[in-house]
Each structure stands twice: as C-alpha cells, then as structure tokens.
Amino acid sequence: MQQETAYVLALRVLGWLAGQDELFDSFLGQSGADAGQVRGLAQDPAFLCAVLDFVLQSDAWVIGCAAELGERPEALVQARALLGGGDQLHWT
C-alpha cells in the first residue's frame, strides 16, 4: 500500500464512520471535534490517523467497516501505519 492509497482508504473509513450514528457521536466525543469541523479536518493525516485508531479499537468495527468497504481488515492497519509515519509499535 502506498501513502496516497492509505489516505483514500482513511477517507473511506471516515465516510463509513459518519454513517454509523452512535459510533460517530462517540468518535466526535473522543476526538473533541464537532461534526461541522470534520470536512476540514479530513485533510489532516493526523485526524485520519485518529479515525483509524478509533475504528481499530474493536475487531467488530474493523470487520464491519472492511466488509462494507470491500477491503481486507488488515488494510485498515496498513493504512494507519503509513499515515502515521510508522509511529505504531509492532510487538511481533
């Protein structure tokens, strides 16, 4: 996966998340953003990392999101690693 592909996938994940009303509200609460700011923040790789971090908290969310987007669940992890510049620790 390349940086641009990771960026596009993160935007798609954001779109998926925005369609999950309760989950999106929870994300907004955790991130401190409000719905009106999301469009502008979507251009910020750090914000997109926060989106991916949020979804990656739950296997069920990852699997549901990936299935709906037609992606492998691992793609979300790869996108997060690329967008974050490798700031995630790998324990294995």
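Helix axes are lines fitted to C-alpha atoms over the stretch in contact, and angles run from 0 to 180 degrees between N-to-C directions. Helices themselves are DSSP runs (H or I, at least four residues), numbered from the N terminus. The structure is a predicted model, in which local features need pLDDT of at least 70 and side-chain atom pairs count only at pLDDT 80 or more, while totals for chains, interfaces and linings use all residues. Residues are numbered from 1 along each chain as its sequence is written, and side-chain values use heavy atoms, with hydrogens and water left out.

Two packed helices are described by the angle between their axes and the distance between the axes. The axes of α4 and α6 come within 9 Å. They cross at roughly 150°. α4 and α6 are therefore roughly antiparallel to each other, a label for angles over 145 degrees. The crossing of α4 past α6 is left-handed, meaning that the near helix is turned anticlockwise from the far one by less than a right angle. On the α4 side, the contact (heavy atoms within 4.5 Å) is made by P45, L48, C49, L52, D53 and V55. On the α6 side, L76, A79, R80 and L83 take part.

Helix α1 spans residues 3-18. Its 16 residues reach 23 Å from the first C-alpha to the last. This is close to the 22 Å expected at 1.5 Å a residue, where the expected span is 1.5 Å times one less than the number of residues. The buried residues of α1 are A6, L9, A10, V13, L14, W16 and L17. Buried means under 20% relative accessible area, exposed over 50%, and partly exposed in between (1.4 Å probe, protein chains only). The arc is that of the directions from the helix axis to the C-beta atoms. An α-helix has 3.6 residues a turn, so residues three or four places apart point the same way. The cover over the buried residues of α1 includes α2 (21-31), α3 (38-41), α4 (45-55), α5 (59-69) and α6 (73-83).

α1 also packs on α4, with an angle of about 60° and axes 9 Å apart. α1 and α4 are therefore oblique to each other. The crossing of α1 past α4 is again left-handed. From α1, the residues Y7, A10, L11, V13, L14, W16 and L17 meet α4. Their partners in α4 are F47, L48, V51, L52, F54 and V55.

Helix α5 buries V62, C65, A66 and L69. These cover an arc of only 95° around the axis, which puts them on the same side of α5. They pack against α1, α4 and α6. The face turned away from the buried side carries the exposed residues A60, I63, A67 and E68. In α6, the buried residues are A75, L76, A79, R80, A81 and L83. Their cover includes α1, α4 and α5.

F27 lies in helix α2. At 1% relative accessibility, F27 counts as buried. Leaving aside neighbours within four places in sequence, F27 is in contact with L17, F47, A50, V51 and F54. L41 belongs to helix α3. At 27% relative accessibility, L41 counts as partly exposed. L41 touches A33 and F47, not counting residues up to four places away in sequence.

Notes
Helices (H or I, at least four residues) and strands (E, at least two) are DSSP runs, numbered from the N terminus. Angles under 35 degrees count as roughly parallel, over 145 as roughly antiparallel, 65 to 115 as roughly perpendicular and the rest as oblique.
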